[in-house]
Amino acid sequence: GLGRAARWVGRTLSQLPVDTRLPWHRVLGAGGRISLPADSPGGREQRARLREEGVLLHNDKVDIRRHGWLTAK
């Protein structure tokens, strides 16, 4: 619900140190969309890291129902 929050997150992630331990590769766009271009170094790394964790990708999207964050009700 925060306006421009996606841009703030993107900017913050882009400024992380190269050796960060933060799992930045788990940050996805709306509906599970991978925002980084597939042919970019970061995009290739994000897709590889997600696959290493067993996350299935279909058309550059992650099935949020299967791999998304479950919240307590």
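Biologist: What is the volume of the largest pocket?

Modeller: Please keep in mind that this is a predicted model, and that the values we discuss are computed from it. The largest pocket has a volume of about 510 Å³, while the second largest pocket comes to about 260 Å³.

Biologist: Which residues lie nearest the centre of the largest pocket, and which element gives the most to its lining?

Modeller: The lining of the largest pocket is made up of 19 residues, and those nearest its centre are G10, L13, S14, W24 and L36. Two elements, α1 and α2, each give two or more residues to this lining, and α1 gives the most, with five residues.

Biologist: What lines the second largest pocket?

Modeller: Its lining includes P23, R26, L28, L50 and E53, together with others such as V62 and W69. The lining of the second largest pocket consists of seven nonpolar, two polar and two charged residues.

Biologist: Now for the helix: how many residues does α2 have, and how far does it reach?

Modeller: The helix α2 has 12 residues and reaches 16 Å from its first C-alpha to its last, which is close to the 16 Å expected at 1.5 Å a residue.

Biologist: Why do the buried residues of α2 line one face of the helix?

Modeller: The general idea is that an α-helix has 3.6 residues a turn, so residues three or four places apart point the same way. In α2, the buried residues are G43, Q46, R47 and L50. Seen down the axis of α2, these buried residues fall within an arc of 95°, so they line one face of the helix. On the other side of α2, P41 and E52 are exposed, whereas the cover over the buried residues of α2 includes the strands β1 (57-58) and β2 (61-62). Just after α2 comes G54, which takes a positive phi of about 85°.

Biologist: Is H25 buried or exposed, and where is it found?

Modeller: H25 is found in the loop between α1 (5-14) and α2 (41-52). Its relative accessibility is 5%, and H25 therefore counts as buried, the cut-off for that word being under 20%. Leaving aside residues up to four places away in sequence, H25 touches Q46, R49, L50 and E53. Two of these contacts of H25, Q46 and L50, are also among the buried residues of α2.

Conventions:
Residues are numbered from 1 along each chain as its sequence is written. This is a predicted model: local features need pLDDT of at least 70, side-chain atom pairs count only at pLDDT 80 or more; totals for chains, interfaces and linings use all residues. Side-chain values use heavy atoms; hydrogens and water are left out. Helices (H or I, at least four residues) and strands (E, at least two) are DSSP runs, numbered from the N terminus. Buried means under 20% relative accessible area, exposed over 50%, partly exposed in between (1.4 Å probe, protein chains only). Contact means heavy atoms within 4.5 Å. On a 1 Å grid over the protein atoms alone, a cavity is a set of points where a 1.4 Å probe fits but cannot get out, and a pocket is an open set with protein on both sides within 12 Å along at least five of seven lines; lining residues have an atom within 4 Å of a point. Grid points are joined across faces, edges and corners, and a volume is the space filled by probe spheres set on the points. Ala, Val, Leu, Ile, Met, Phe, Trp, Tyr, Cys and Pro count as nonpolar, Asp, Glu, Lys and Arg as charged, and the others, Gly among them, as polar. The expected span of a helix is 1.5 Å times one less than its number of residues. The arc is that of the directions from the helix axis to the C-beta atoms.
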